[in-house]
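Start with the sequence and the structure.

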Amino acid sequence: SLTASERTRTRHRFDTPDGESLYLRLPRGTILQDGDLLRSQIGDVVIRIAAKPEDVLTVTTQKPLDLLRAAYHLGNRHVPLEITPNYLRLSPDPVLEAMLEQLGLNVKSEILPFHPEIGAYGHNH
């Protein structure tokens with residue numbers, strides 16, 4: 001299980017739930033997604049990537065235009081953002097939380113897997 005930030009690291013040592021240490025050495029720009037499978041160089045180990053629950057802010061509203069407006073303001077700040085038709089999700093930030101509440105949005109602190117957009121120039125693997 002890896003957080004959203006950890007899933008963007010291309011060279012990093014991780015420990016599996018059963019205590020094994022793994023060293024990832026992936027091509028630059030690789031972003032791992034929930035459910036991705038990785039095989040060791042010699043093919044003897046396969047691991048499945050899972051999105052680890054982490055602290056997030058979930059933003060909702062009854063008015064779709066308000067959600068679009070919030071996405072615009074957060075995008076201007078280059079905030080990693082999970083975008084769905086019904087909510088936005090971002091990492092906790094008290095300044096951004098206050099801004100969103102001032103815009104009239106509902107903001108809730110939660111612990112959930114975070115799946116931010118990879119961006120228009122994201123790489124697939």
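A pocket is defined on a 1 Å grid over the protein atoms alone: it is an open set of points where a 1.4 Å probe fits, with protein on both sides within 12 Å along at least five of seven lines, and its lining residues have an atom within 4 Å of a point. This is a predicted model, where local features need pLDDT of at least 70 and side-chain atom pairs count only at pLDDT 80 or more, while totals for chains, interfaces and linings use all residues. Residues are numbered from 1 along each chain as its sequence is written, and side-chain values use heavy atoms, with hydrogens and water left out.

Q: How many helices and strands does the protein have, and in what order do its elements run?
A: Helices (H or I, at least four residues) and strands (E, at least two) are DSSP runs, numbered from the N terminus. The count is 2 helices and 8 strands. Read from the N terminus, the order is β-β-β-β-β-α-β-β-α-β.

Q: Which element gives the largest share of the lining of the largest pocket?
A: The lining includes Glu-20, Leu-22, Tyr-23, Leu-24, Arg-25 and Leu-38. Two elements give two or more residues to this lining: strand 2 (21-25) and strand 3 (37-39). The largest share is 4 residues, and it comes from strand 2.

Q: What is the volume of the largest pocket?
A: Grid points are joined across faces, edges and corners, and a volume is the space filled by probe spheres set on the points. For the largest pocket, that space is about 410 Å³.

Q: How do the residues lining the largest pocket divide by class?
A: Ala, Val, Leu, Ile, Met, Phe, Trp, Tyr, Cys and Pro count as nonpolar, Asp, Glu, Lys and Arg as charged, and the others, Gly among them, as polar. Val-45 and Ile-47 are among the lining residues, as are Arg-39 and Ser-40. The division is 7 nonpolar, 2 polar and 3 charged.

Q: Which strands each supply at least two residues of the lining of the second largest pocket?
A: This pocket has a volume of about 250 Å³. Its lining includes Phe-14, Asp-15, Leu-22, Leu-24, Ile-47 and Arg-48. By class, the lining has 8 nonpolar, 2 polar and 2 charged residues. The suppliers are strand 1 (11-15), strand 2 and strand 4 (46-48).

Q: What feature does UniProt place at residues 2-46?
A: UniProt annotations may be inferred rather than shown by experiment, and feature names are shortened. Over residues 2-46 the chain is 0% helix and 31% strand, with end C-alpha atoms 16 Å apart. The unreviewed entry names the feature "domain: UreE urease accessory N-terminal".

Q: Is Thr-10 buried or exposed?
A: Thr-10 sits in the segment before strand 1. Buried means under 20% relative accessible area, exposed over 50%, and partly exposed in between (1.4 Å probe, protein chains only). Thr-10 has 17% relative accessibility, so Thr-10 counts as buried.

Q: Which residues does Leu-81 touch, not counting those up to four places away in sequence?
A: Leu-81 lies in the loop between helix 1 (64-76) and strand 6 (82-83). Its relative accessible area is 8%, so Leu-81 is buried. Contact means heavy atoms within 4.5 Å. The residues touched are Ala-71, Leu-74, Leu-88, Arg-89, Leu-90, Phe-114, Pro-116 and Glu-117.

Q: What share of the residues in the protein is buried?
A: The C-alpha trace spans about 55 × 30 × 20 Å along its principal axes. The protein has 125 residues, and the buried share is 33%.
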